[in-house]
Amino acid sequence: MKVLIIGSGGREHAIAWKVSKSPRVDEIYCAPGNAGIEEYAKCVDIGAMEFEKLAAFAKEEGIDLTIVGMDDPLVGGIVDVFEAEGLRVFGPRKNAAILEGSKAFSKDLMKKYNIPTAAYENFEDPEKALAYLETAKFPIVLKADGLALGKGVLICNTLQEARDGVKSIMMDKKFGTAGNTMVIEEFMTGREVSVLSFVDGKTIRTMTSAQDHKRAKDGDQGLNTGGMGTFSPSPFYTDEVDDFCNQYIYQATVDAMASEGREFKGIIFFGLMLTEEGPKVLEYNARFGDPEAQVVLPRMKNDMIEVVEACIDGTLDQIDLQFEDNAAVCVVLASDGYPVSYEKGFVISGLENFKDKEGYYVFHAGTKRTDKGIVTNGGRVLGVTAKGKDLKDARANAYEAIKLVEFENKYCRNDIGKAIDEA
């Protein structure tokens, strides 16, 4: 098979690595890719949002399967474009990707189908949002409706912070058109857990649990980022929690989308909050999480191609999804100053130290190949993942592994997975 992967981050590197393990795959292409993905795939200089060019390339090259890694092209309708050309593609169509593309839509869906989530109101008028805040209970959460690179959520502790947040999102358009509509939501407390799943329109198969660390600094301080590290499995995701979610959240979401005439095929990422009243949905994503993919895929036993094809063909009920009985931790190495401002172009050394190192991986997020070598080319630069017999072992291995690679301006959180000490 010839496989094309759409995207350029750590998630797509993890997907390319996993796909390369399939005996059914001969060639992998990635558009646009990055310096790390080049190890497994031929990188193609076409942007992820250039749907017509990508479809033309897939036809020209005789691509058998395209896997879309990123949210923007999915929400923009890349799957519809590929399907119209008779191309085989993995990911939700535009009318299903709205599950991630509009937080207002997903909140309304959960309310309609009694899927547990936080109380909320949607606003299109900033003046009405400001008036609502006058009677609200704090802390409170403001969410830009559309895609905002994982940064469109503000937790406001005071009325003034919330007023500033409305101004920033809805009036100053900090996140562009993503802020045309805003969700104001009750602040939930508890443990956060991420559960990724494969879906074929009717059947759902959940993957092993994980937990992301969104804040830029240690102790969950600083601004929200795309994710500073993650671990899998979550010790807080018990059999009891799993039973509840299977009964009231996972299948209920798939069925709700089908009932709305929005059949969902692809990946649903469930962001959960384990509250005192039970698990509730924080958010949905319509693709693999980043960096969750970097700890979940290395633990997955199945051939990725077989599972993806079962999703497309509606035969997922025949798949027994299995994961290794171990743990993995990913620490993101970022450019100091991320997510606000940071320099690029620093040479990265030590990448060769990961060659043939069993149970250790370095997934490239923001890198570029130049005549100086591989250099930093983004806020999140690398995701260093290590496995271990349990979470503590994996965490120790991951923090040992980050010493193997160096670049000027290197920054990371030092407390990824620290919560496991409390489990």
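Predicted model: local features only at pLDDT ≥ 70, side-chain atom pairs only at ≥ 80, totals over all residues.
The buried set comprises Met 304, Ile 305, Val 307, Val 308, Glu 309, Ala 310, Cys 311 and Ile 312. Several elements contribute to the cover over these residues. Among them are strand S1 (2-7), helix H1 (10-20) and strand S4 (65-68). Strand S5 (89-90), strand S10 (191-200) and strand S15 (265-275) are also included. At the start of H11, Asp 303 places a side-chain oxygen within 2.8 Å of the backbone nitrogen of Ile 305.

Helix H2 (residues 51-61) gives a second case. Its buried residues are Phe 51, Leu 54, Ala 55, Phe 57 and Ala 58. They span an arc of only 160 degrees around the axis, and therefore lie on the same side of H2. An α-helix has 3.6 residues a turn, so residues three or four places apart point the same way. The buried residues of H2 pack against S1, strand S2 (27-32), helix H3 (71-76) and helix H4 (78-84). S1 is also among the elements covering the buried residues of H11. After H2 comes Gly 62, again with a positive phi, near 65 degrees.

Four strands build an open sheet in the order S6-S9-S7-S8, with antiparallel pairing. Strand S6 (120-123) and strand S8 (153-156) are the edge strands, and each pairs on one side only. Neighbouring strands are turned by 20 degrees against each other on average, direction ignored.

Strand S7 (residues 140-144) is joined to S8 by four bridges. Five bridges join S7 to S9. Both pairs run antiparallel. Individual partners can be named. Leu 142 has Leu 154 of S8 as its bridge partner. Val 141 stands opposite Ile 155 in S8. Val 141 also stands opposite Glu 185 in S9.

How many of the five residues of S7 are buried? Five of the five are, so S7 is largely enclosed by the rest of the structure. In a regular strand the side chains alternate between the two faces of the sheet. Both faces of S7 are covered. Ile 140, Leu 142 and Ala 144 are buried on one side. Val 141 and Lys 143 are buried on the other. Helix H8 (residues 159-171) lies across S6, S7, S8 and strand S9 (182-186). H8 runs at about 5 degrees to S7.

The whole chain sets the context for these elements. Its secondary structure comes to twelve helices and 22 strands. The C-alpha atoms fill a box of roughly 60 × 45 × 40 Å, taken along the principal axes. For 423 residues, a compact globule would have a radius of gyration near 22 Å. The chain has 21 Å, which agrees. Of the 423 residues, 59% count as buried. Contacts between residues at least 6 apart in sequence were also examined. Among these, 69% join residues at least 24 apart.

Definitions and conventions
Residues numbered from 1 in each chain as written. Heavy atoms only, no water. Pairing = 2+ DSSP bridges. Helix = DSSP H or I, 4+ residues; strand = E, 2+ residues; numbered from the N terminus. Axes fitted to C-alpha atoms, helices over the stretch in contact; angles between N-to-C directions. Contact = heavy atoms within 4.5 Å. Buried < 20%, exposed > 50% of the residue type's maximum accessible area, 1.4 Å probe, protein only. Polar contact = N/O pair within 3.5 Å; in protein donor to acceptor, adjacent residues only side chain to side chain. Arc of directions from axis to C-beta. Rg over C-alpha atoms; globule rule 2.2 N^0.38 Å.
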